[in-house]
Amino acid sequence: MISLIKRNKILLIILILLILFNSISPICGAGLWASPPEFKYNLSSSETINGEILVRNIGKEDLEVVVEKKRLLKDSINLLYSDKGIATWITILNNETNFKLSPGQSKTIQFKVTAPEKINYFDAVGALLIRGVPIESQNNNGVNIKQGVELVIPIIVGLPGPIIESLQLLDHKAPIVLLSFMPGDFIYNLNNNGTVYANMTGNIEINGLISSHKVPIEGGVFPEDNYTLIEKWTPGFSDFGLYSADTTIKYGRYQQTKTIKTHDTILVIPVWLIILIILGAVVWYMRRNDIKSPFKIKIERR
Amino acid sequence: MIMLGENMKQKILGIIPLMVVMLFVAFLAVGDNQTYANPVNQQVTVTVPQAIAISVETPISFGSVPAGTNYAVTPEYWISNNGNVKIDVYVKAGSTEFTSPTATDTIAIDTNYYIKNYNSGNFQQVTTTDQMIYNNMNKASQGSGTPTVWNGAQQRLNVPAYTEDGAYSITMIYSATKHN
């Protein structure tokens, strides 16, 4: 009898564990896995190097897989691709650019990178895009979305050439007027006109009469790439008046030794001041036009 | 000159291999003792290969949406990181409009189709180029391999008034790249 109760308890625990496991692990999805997630090579002119990526279908759907070679451009929001530059140096071997993968099935994609004879820059960033879209029948009712996945595998090539660290601020925008709790965007359009990757650090120092704030900056720009850096600042309840916003962007390939600086002025109007002004205006209008208040407060002496 | 008998020669020839074996054993023993006498730090290195992975629930549906409806939303769905590196997740539409196999109308994605951004919590316009919706998604758990899952992904759609009835569809692609 006791052993029967024990067995039931064990079965119940196993059942709960199974339910918990199922609630954690995703089901009915499209998924891709690849190793390694990036490549870094140093090449001499005309040198060729070979590489390979293992790709696996980790979802529950049959996938139509397409492999593309691109030049990679990115900023804090967007990933963009081009067919120029390093994209032309990469070759996907054995014509394996389109194939099917069943759930659990793997495939090795081989490629080679050949540096050009004439080298224009030191750091070049390409990528292999491995896209898997489910081969599933369309639902004939309603508005439906078929969801696929894509792995972006960067191929970063360092080439012998002049190391020029140069970042140019094309333009920048800062908010002029902000209300309390209203986020403001600081937008910096940068162009790497040097020959190497520019690691960026820095901050925006926002100083007012009674308070000061620091917004950290972090990012990186590839050579010949444009980068839109967007940072946000939201004034708090106690912030009001004129604020100076001094931006310092330090950059360099390894050590951030070069600097870009900007200066802006922001007027912060606090919400409590707006409410006071509106109340004052209403009271002034009512007194001027002899309008009696619908609310009466009577203070009696005892 | 010492003359050795045939018997003696055979004995010496028999001893030589024995001496060689004894010397070899002694050499090993000395070498072994030296190891104990002068301990050195042995550095052991191991390289764990990196792997990137992403999964997403599919298919998802807005269900039946009457023409002229604004802010129709999908049920919340999941996106997960099943690899051992942190990732940034981007999204793009496979085309500029929802199309139907039966209706001649289409639903343009511009100003009609939005997706939730994990970091801001707001809906952002879907375009045909990759735009980030999740910055720095954590890797799968060490040991258990339990993926990091975002269960709150959602899409929003406006269906213009007088859109022809029918089933409409589009393909969405979720891109993952290693977070640096």
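Okay, some ground rules before we look around. This is a predicted model, so local features need pLDDT of at least 70 and side-chain atom pairs count only at pLDDT 80 or more, while totals for chains, interfaces and linings use all residues. Residues are numbered from 1 along each chain as its sequence is written, chains are lettered from A and ligands numbered from 1 in the order in which they are written, and side-chain values use heavy atoms, with hydrogens and water left out.

Let's start where the two chains meet. How many residues of chain B are in contact with chain A? It's 50 residues of chain B, and they touch 45 residues of chain A, where contact means heavy atoms within 4.5 Å. The area buried between the two is about 3600 Å², and carbon and sulfur atoms give 55% of that. Buried area here is the accessible area, with a 1.4 Å probe, that two parts lose on being put together, summed over both.

The side chains of A:Glu38 and B:Lys178 meet at 3.0 Å, N to O. That pair crosses between chains, from A:Glu38 in the loop between strand 1 and strand 2 (39-42) of chain A to B:Lys178 in strand 13 of chain B. When I say strand, I mean a DSSP run of E with at least two residues, numbered from the N terminus.

We also count 29 residue pairs in polar contact between chain B and chain A, both at pLDDT 80 or more. A polar contact is a pair of N or O atoms within 3.5 Å; within protein, one must be able to donate a hydrogen and the other to accept it, and residues adjacent in sequence count only if both atoms are side-chain atoms.

Which strand gives the largest share of the side of chain B that touches chain A? That would be strand 13 of chain B, with eleven residues. By class, that side of chain B has 27 nonpolar, 19 polar and four charged residues. For the classes, Ala, Val, Leu, Ile, Met, Phe, Trp, Tyr, Cys and Pro count as nonpolar, Asp, Glu, Lys and Arg as charged, and the others, Gly among them, as polar.

Strand 1 (residues 29-35) of chain A and strand 1 of chain B run antiparallel and are joined by six bridges; two strands pair if DSSP finds at least two bridges between them. Within that pairing, A:Gly31 stands opposite B:Ser55.

A cis peptide bond joins A:Ser35 and A:Pro36, with omega about 0 degrees, and A:Pro36 is in the loop between strand 1 and strand 2 of chain A. In chain B, a cis peptide bond joins B:Thr58 and B:Pro59, with omega about -10 degrees, and B:Pro59 is in the loop between strand 1 and strand 2 of chain B.

On to the sheets of chain A. One is an open sheet of three strands in the order 11-13-16, with antiparallel pairing. Strand 11 (167-173) and strand 16 (226-233) stand at the edges with a single partner strand each, so one side of each is left without a neighbour in the sheet. Strands 11 and 13 (residues 184-192) pair over six bridges, and A:His172 stands opposite A:Tyr188.

Another open sheet has five strands in the order 12-18-17-14-15, with mixed pairing. Its edges are strand 12 (177-179) and strand 15 (212-221), each with a single partner, so one side of each has no neighbour in the sheet. Strand 17 (residues 241-252) and strand 18 (residues 258-269) pair in the antiparallel sense over eleven bridges, and they form a hairpin with five residues between them.

Last stop: A:Phe181, in the loop between strand 12 and strand 13 of chain A. A:Phe181 has a positive phi of about 65 degrees although it is not a glycine. Most residues other than glycine have a negative phi.

Notes. Helices (H or I, at least four residues) and strands (E, at least two) are DSSP runs, numbered from the N terminus. A salt bridge is a side-chain nitrogen of Lys or Arg within 4 Å of a carboxyl oxygen of Asp or Glu.
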